[in-house]
Amino acid sequence: MNHTIKAGASDYGLGPHTFPRGWFVVAEAGELQSSPVAVTFFGRDFVLYRGSSGQVVMLDAYCRHMRAHLAKSTSAHITKTGANVEGDSIRCPYHGWKYGADGKLEEIPYEKGFCPERLSIGAYPVRELMGCILMWHDPEGGEPDYEPPYLPAWETPGAIPWELDHLGEIAIHQIEILDNMADVHHLGPTHGSPCEYLENEFRGTQVIQRQGGFIDFYQADLKTVTWYTGPGILLSKQQYLANTRYEFIANTPVQDGLTKAWHGVLTVAQTATPTAAEIETARQEQAGALATFSADFEIWKHKEPAVQVIQTPHDGRFRALRKWVKQFYMPRGEALAIQRELDGILPVPGFPDAGSNKDGDFEADCFGLAPARALQGLGGESRHAPFPSH
Ligand code: FES
Ligand SMILES: [Fe+2]
């Protein structure tokens, strides 16, 4: 689909990097079967595949020999016979050059003893987590400085995992999606749930929103805690009546000003092995949450970019939120100063803070990170190519 890009990072005063540092969804885990998959994110083409050990590998898409795309061949002999993935390595469909999971050139089939390391391609840290494939993107080529978010509820007996809604590409810069975290006054008009309290909390690479109020859709009180871990992955714990659900929204830049999004809801059934009826209820929960989110999505799709928000005295704290986002577009060394400036709770003028709604029990399973290195990934051994500046 062709999109008209309306505004990019520099229009919003982000930068110097065009694309942010962080963990981002690049595929749903189930999309990776036996064949390599071509994906484009951060203005760059990649190949994504699952090696025979089960490890997910993400490499630059183009072969160093004659620039063939490693995944965009369905009719080459090597592809048809499934010989392009060999162990955790991949062979180019054109002349069969072989690259390892670390991007290292391992073999030129018709050259004995000639396999220069300088002809390797970029490899990127990957995690497979909560049904998603995540990549670490860093314009400076550094290793991850935080781990992706993780919900312990994913492993609770009775957990009914999400099947992601693929929302496709939207011609809006991701910062306008992140604005939602501060946007207290859209909750009534857009979602029919005017909040009675709201606060934001900044914690380094995480930003938290606590809010609640009566929601028209469910005719009940809704209590939520929502957090981004880095600029790409939102998780939210929501409670109304006797229901608790966990919502997931991921947004990943495809090009500067073009964003791909996914959505899901996890619920936990009463019984360890969920019944068909409980699974059906879970799907309805996800559909209900999607209906709510779609109201935002429709507005984003048709709006002009708000490169600057007119922040009125009682508006949400967009400026602070956008400053938090900015840290991921800055060199790593400069991000810390922004974190130090913002860290802490930021109330919205005229609104009560979360007060007694901020109870420790409700948030006990929130804000967690995936245990480092326990997860599948390339870790420290990966060759990690710095991104060219765009
Ligand atoms: S183009 Fe890849 S091996 Fe020749
Ligand atoms: Fe919203």
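**View 1. The buried residues of helix H4 pack against strand E11 (159-160), strand E17 (243-255) and strand E18 (258-268).** The model shown is predicted: local features need pLDDT of at least 70, side-chain atom pairs count only at pLDDT 80 or more, and totals for chains, interfaces and linings use all residues. Residues are numbered from 1 along each chain as its sequence is written, while chains are lettered from A and ligands numbered from 1 in the order in which they are written. Helices (H or I, at least four residues) and strands (E, at least two) are DSSP runs, numbered from the N terminus. The buried residues of H4 are Ala282, Glu285, Gln286 and Ala289; buried means that 20 or more other C-beta atoms, placed from the backbone, lie within 10 Å of the residue's own. In an α-helix there are 3.6 residues a turn, so residues three or four places apart point the same way.

**View 2. Helix H4 runs over residues 276-302 and has a kink.** From first C-alpha to last, the 27 residues of H4 reach 38 Å, close to the 39 Å expected at 1.5 Å a residue. That expected span is 1.5 Å times one less than the number of residues. The kink is about 30° and is centred on Phe293; the bend at a residue is the angle between axes fitted to the seven residues ending there and the seven starting there.

**View 3. Helix H5 (residues 318-326) packs through its buried residues.** Leu321, Arg322, Trp324, Val325 and Lys326 are buried in H5. Their partners are helix H2 (174-178), strand E13 (197-203), strand E14 (206-215) and helix H6 (332-342).

**View 4. Pro139 lies in the loop between strand E10 (132-137) and E11.** Pro139 counts as buried because it has 21 C-beta neighbours inside 10 Å. Asn180 is 41 residues from Pro139 in sequence and 25 Å from it in space, C-alpha to C-alpha.

How values were computed:
Buried ≥ 20, exposed ≤ 12 C-beta atoms within 10 Å, placed from the backbone. Contact = placed C-beta atoms within 7 Å.
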